Amino acid sequence: MTVSERIGSIRPDPKDPAPLRIDEALVRRMLVAFVREESAKSGHKRVVLGLSGGIDSAAVAALAAEAMGPKNVTALFMPYRSSSRESAEHARLVAKTFGLALEEIDITPQVDAYFARAGDIDRVRRGNKMARERKSIEYDRSWPDGLVLGTSNKTELLLGYGTRYGDMACDLNPVGDLYKSQLRELAVLVGVPDVVIRKPPTADLWVGQTDESELGFTYADADLILYHLVDRRLRPETLVAAGFDAKLVHGLRERMRKSHYKRVMPLIAKVSLRTIGHDFLYPRDWEAD
Amino acid sequence: MTRIALAQCAPALGAFKRNIAMHQEWIARAKAERAELIVFPELSLTGYYVKDLAGELACAADDARLQPIADASRDLDVCAGFVERGRDARLHIAQGYWSRGKLVHVHRKVYLPTYGIFDDGRYFGPGDRFEVFQSVAGPAGIAICEDLWHVSVPYLYGATGATIVLSPADSPGRGVAEGGDLGTAESCRLMDRFYAQYLTMYIVFVNRVGHEDGIAFWGGSEVVAPDGSVVARAPDFEETLLMAEVDTDLVARERDRNPLIRDERTDLVVAQLERARGMMPKD
């Protein structure tokens, strides 16, 4: 059933994931045009993205290749020594599938040089450092005519499940308004290899890490609740009354609240008559006459 | 003489229950200071830049969540701000006046600033009237923040019987480069004094303090008397329970001396406006 054929009101029901369905073909058209037009408007010819071997960056790679032509996509694979061999294989497979020349840059020497001096630091800090190191390389490789594409999906963004100025950083994010399960539908349509679509999502920041074990819930459950809370503006109490797990509903809502600072631009303290971000507001797509 | 308290506080953004507790605490302090009325700033129960939280923070005027404020008004009158959900489901920036355990008056902000750093019109619907009601400090009107910047508002209150205007505000401080005081503070003080003196009424300006999303509310709450004198003024940027005496006899003396309101020709104002709007084609 396509979205336009739906008859009847959308009700919150933990057993009904249908409201999350998207028209993948339409979304693909919109996102390809988004990448093409928005990069051109700021005068950029290329886009840069990191391929992790996972489904999100693979879907973005497909959109980028379609929008810009494969030659104008700089795809980077940036493993650390603990990254799984599977990630490398899948990144290469994705690049090959979409006709991209994959550049491989091992971040181990530069990250370990820092870790050697930083002393005993926990795995979250280590993971954050790796994410930021990768992003600094993407931005380096974007000079002088490229924009960095983001690959964070709506679920990750709403949960704050990402590293500020690391994987969250970008110039354009074509997939930030798609929940993980919606992005999976899109990935199927754009031809992301099956093996990439079917493997458990992981940030691969430490050995054996998977998103769902770290988060403590499944994307399928989280996406449906987030959809009703965010897109449909239902209250947590309404979802609980409709049979959704109370702890999960309130937990997700609290995660959203606590992580909101990660989703907004840095605060500038207003003291003058006109302040960047507060009342100095021009469109980003401000075009020359 | 009526002793009033101005609660120059810093509400928590989006935390309704915490703000209720804060109100109860400040009301108790005002009671200990023998106040007969305490006035809180605009949206004191929710915080100002509520954005998409507006809907979930909203209360109908008879909502049970406001009962603690009603209960606290048994010993002294309370004027506090909340997001009101109208019967037609529209959202309003509202200021309630509770007396003897009951909500006796609600003013809905009419002028919703939607420019510069303000976005009220995106989230709220406007009120449609300026009603004078009986407060413990005399016949009163409420002008929420931007309402007071429109000259017609204190004028309408003055022309329809009010002797005191309560102006709860969430005024952001800005304009440091223009020398001396904050630009907004200068403007507000000028307004308060001008309205008070030329409409011969009390202006009670209650501004909040604290930061929201990088914007600082500057405080500087004050009471200006009908003779233009500043009865009391709170410091900028600091939480303060400011006490002031409102002297209804001073209103009478000023209006005897300077009977501008008595002599005001509201009929001419109405006629001229009607002519200007094409409602009275024949002269």
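In chain B, 67% of the contacts with a separation of 6 or more are between residues 24 or more positions apart, where contact means that two C-beta atoms, placed from the backbone, lie within 7 Å. Welcome to a predicted model, in which local features need pLDDT of at least 70, side-chain atom pairs count only at pLDDT 80 or more, and totals for chains, interfaces and linings use all residues. Residues are numbered from 1 along each chain as its sequence is written, while chains are lettered from A and ligands numbered from 1 in the order in which they are written.

**Confidence**

- The complex receives an ipTM of 0.84 and a pTM of 0.91 from the predictor.
- Chain B has a mean pLDDT of 95, with 97% of its residues at 70 or more; pLDDT is the predictor's confidence in each residue, from 0 to 100.

**Chain B as a whole**

- Ten helices and 14 strands make up the secondary structure listed for chain B; helices (H or I, at least four residues) and strands (E, at least two) are DSSP runs, numbered from the N terminus.
- Chain B is as compact as a globular protein of its length, because its radius of gyration of 18 Å is close to the 19 Å that the globule rule gives for 283 residues. That radius is taken over C-alpha atoms, and the rule is 2.2 Å times the number of residues to the power 0.38.
- Taken along the principal axes, the C-alpha atoms of chain B fill a box of roughly 55 × 45 × 40 Å.
- Of its 283 residues, 44% count as buried. A residue is buried if 20 or more other C-beta atoms lie within 10 Å of its own, exposed if 12 or fewer, and partly exposed in between, with C-beta atoms placed from the backbone.

**Chain A as a whole**

- Chain A has twelve helices and four strands.
- The C-alpha trace of chain A spans about 55 × 55 × 45 Å along its principal axes, and 35% of its 289 residues are buried.
- For chain A, 72% of the contacts between residues at least 6 apart in sequence join residues at least 24 apart.

**Cores and a buried valine**

- The largest nonpolar core has 73 residues, and those with the most contacts inside it are B:I4, B:L6, B:I38, B:V39, B:I164, B:V165 and B:V204. Such a core is a set of buried Ala, Val, Leu, Ile, Met, Phe, Trp, Tyr and Cys residues joined through C-beta atoms within 7 Å.
- Beyond its neighbours within four places in sequence, B:V204 touches several residues, among them B:I4, B:L6, B:S167 and B:V223.
- A second, separate core of 59 residues includes A:L63, A:L159, A:A169 and A:L183.
- A:V60 sits in helix α2 (residues 55-68) of chain A, and counts as buried because it has 33 C-beta neighbours inside 10 Å. Leaving aside neighbours within four places in sequence, A:V60 is in contact with A:L49, A:L149, A:T151, A:P174 and A:V175.

**Where the chains meet**

- Chain A gives ten residues to the contact and chain B gives 13 residues.
- The side of chain A that touches chain B has five nonpolar, two polar and three charged residues. Here Ala, Val, Leu, Ile, Met, Phe, Trp, Tyr, Cys and Pro count as nonpolar, Asp, Glu, Lys and Arg as charged, and the others, Gly among them, as polar.

- Strands β10 (residues 209-212) and β11 (residues 215-218) of chain B run antiparallel and are joined by four bridges; strands pair if DSSP finds at least two bridges between them.
- B:V209 stands opposite B:W218, and B:D213 takes a positive phi near 45° in this hairpin, which has two residues between the strands.
- Three bridges link the antiparallel strands β12 (residues 222-224) and β13 (residues 230-233) of chain B, with B:V224 opposite B:V230.
- Five residues separate β12(B) and β13(B) in their hairpin, and B:G228 in the turn has a positive phi of about 90°.

**Backbone details to look at**

- Most residues other than glycine have a negative phi, and most peptide bonds are trans.
- A cis peptide bond, with omega about 0°, joins A:W143 and A:P144; A:P144 lies in the loop between α5 (123-142) and β4 (146-148) of chain A.
- A:R233, not a glycine, has a positive phi of about 60°, and is exposed, with 11 other C-beta atoms within 10 Å.
- B:K51, not a glycine, has a positive phi of about 50°, and counts as exposed with 12 C-beta neighbours inside 10 Å.
- Helix α10 (residues 266-276) of chain B lies largely in the open, because zero of its eleven residues are buried.
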